[in-house]
Amino acid sequence: MSLAKQNFSTSSEEGINQQINTELQASQVYLSMAAWAQHTSVVLPGLEKYFREAANEEREHAQHLIDYLNMRGGKVVLRALQAPETDWKSAKNAVESALQLEKDVNKSLLNLHKIADTNGDPQMCDFIEGRYLEEQVKAIKTLADMVTQLNRVGEGLGVYLWDQQLYREGTGAGSRVIGAGRD
Ligand SMILES: [Fe+2]
């Protein structure tokens with residue numbers, strides 16, 4: 001029992017531990033996507049950079065939840081991660097999978113928010129809203145746009161040029177912008 005604990009339910013604590021695992025799992029999947037994009041048989045440096053940055057962000061999300069859980073007087077319990085897919089097949093398949101991943105993470109965050117709300121914990125609701133929910137909808141929009149673009153350009157030269165632009169300029173919108181000075 002932590003001296004810092006006040007108005008913090010057991011289900012909120014369990015939910016945050018679950019979310020830490022979800023964020024670390026997402027980081028693991030993005031690492032796998034980045035490694036795939038780097039492989040000599042693929043060589044998509046724009047996607048590699050994007051996924052690598054996403055992996056780092058997901059790990060940061062987990063770290064912020066760890067910090068938060070300790071601040072509220074909870075106990076961090078890390079769990080095993082699952083081995084991610086290794087062959088992401090195509091840029092389009094990888095980006096579609098990333099879009100689904102972000103939607104799943106968002107669903108998990110919305111559930112966590114519901115737990116906080118049900119337990120009368122406005123501070124936890126505020127934390128989730130401010131730090132996580134907006135970033136999720138931005139990431140979902142960015143990846144959905146990328147799927148549309150990949151459908152348009154087709155395979156071969158189209159994907160090559162699309163990836164080169166991603167490498168140089170980033171996505172141009174949303175939270176995961178590679179280029180400097182954008183939000
Ligand atoms: Fe995240």
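Buried means under 20% relative accessible area, exposed means over 50%, and partly exposed lies in between, with a 1.4 Å probe and protein chains only. The model is predicted, so local features need pLDDT of at least 70 and side-chain atom pairs count only at pLDDT 80 or more, while totals for chains, interfaces and linings use all residues. Residues are numbered from 1 along each chain as its sequence is written, and side-chain values use heavy atoms, with hydrogens and water left out.

**Exercise 1. Classify Asp121 as buried or exposed, then find its salt-bridge partner.**

Step 1. Asp121 has 2% relative accessibility, so Asp121 counts as buried.

Step 2. A salt bridge needs a side-chain nitrogen of Lys or Arg within 4 Å of a carboxyl oxygen of Asp or Glu. Arg72 meets this condition with Asp121, the closest N and O atoms being 3.1 Å apart.

Step 3. Arg72 is in the loop between H2 and H3, and Asp121 is in the loop between H3 and helix H4 (122-153); the pair links distant parts of the chain, 49 residues apart.

Step 4. Arg72 has a relative accessible area of 10% and is therefore buried.

**Exercise 2. Identify the protein donors of the iron ion and their spacing along the chain.**

Step 1. Donors are N, O and S atoms within 2.8 Å of the metal (3.2 Å for Na, K and Ca); water is not among the atoms, so sites may look incomplete.

Step 2. Glu23 (OE), Glu58 (OE) and His61 (ND1) are the protein donors, lying 2.1 Å from the iron ion.

Step 3. Along the chain the donors follow the spacing E-x34-E-x2-H. Glu23 lies in helix H1 (residues 10-38) and Glu58 in helix H2 (residues 45-71), so this pair ties together parts that are 35 residues apart in sequence.

Step 4. Both Glu23 and Glu58 are buried.

**Exercise 3. Count the aromatic pairs and assign the geometry of Tyr50 with Phe51.**

Step 1. Rings of Phe, Tyr and Trp (its six-membered ring) pair if their centres lie within 6.5 Å; planes under 30 degrees apart count as stacked, over 60 as edge-to-face and the rest as tilted.

Step 2. This rule gives four aromatic pairs. For Tyr50 and Phe51 the ring centres are 5.9 Å apart and the planes are at 70°, so the pair is edge-to-face.

Step 3. The rings of Phe127 and Tyr132 have centres 5.6 Å apart and planes at 65°, so that pair is edge-to-face.

Step 4. Tyr50 and Phe51 are buried, as are Phe127 and Tyr132. Tyr30, Tyr50 and Phe51 form one aromatic cluster.

Notes
Helix = DSSP H or I, 4+ residues; strand = E, 2+ residues; numbered from the N terminus.
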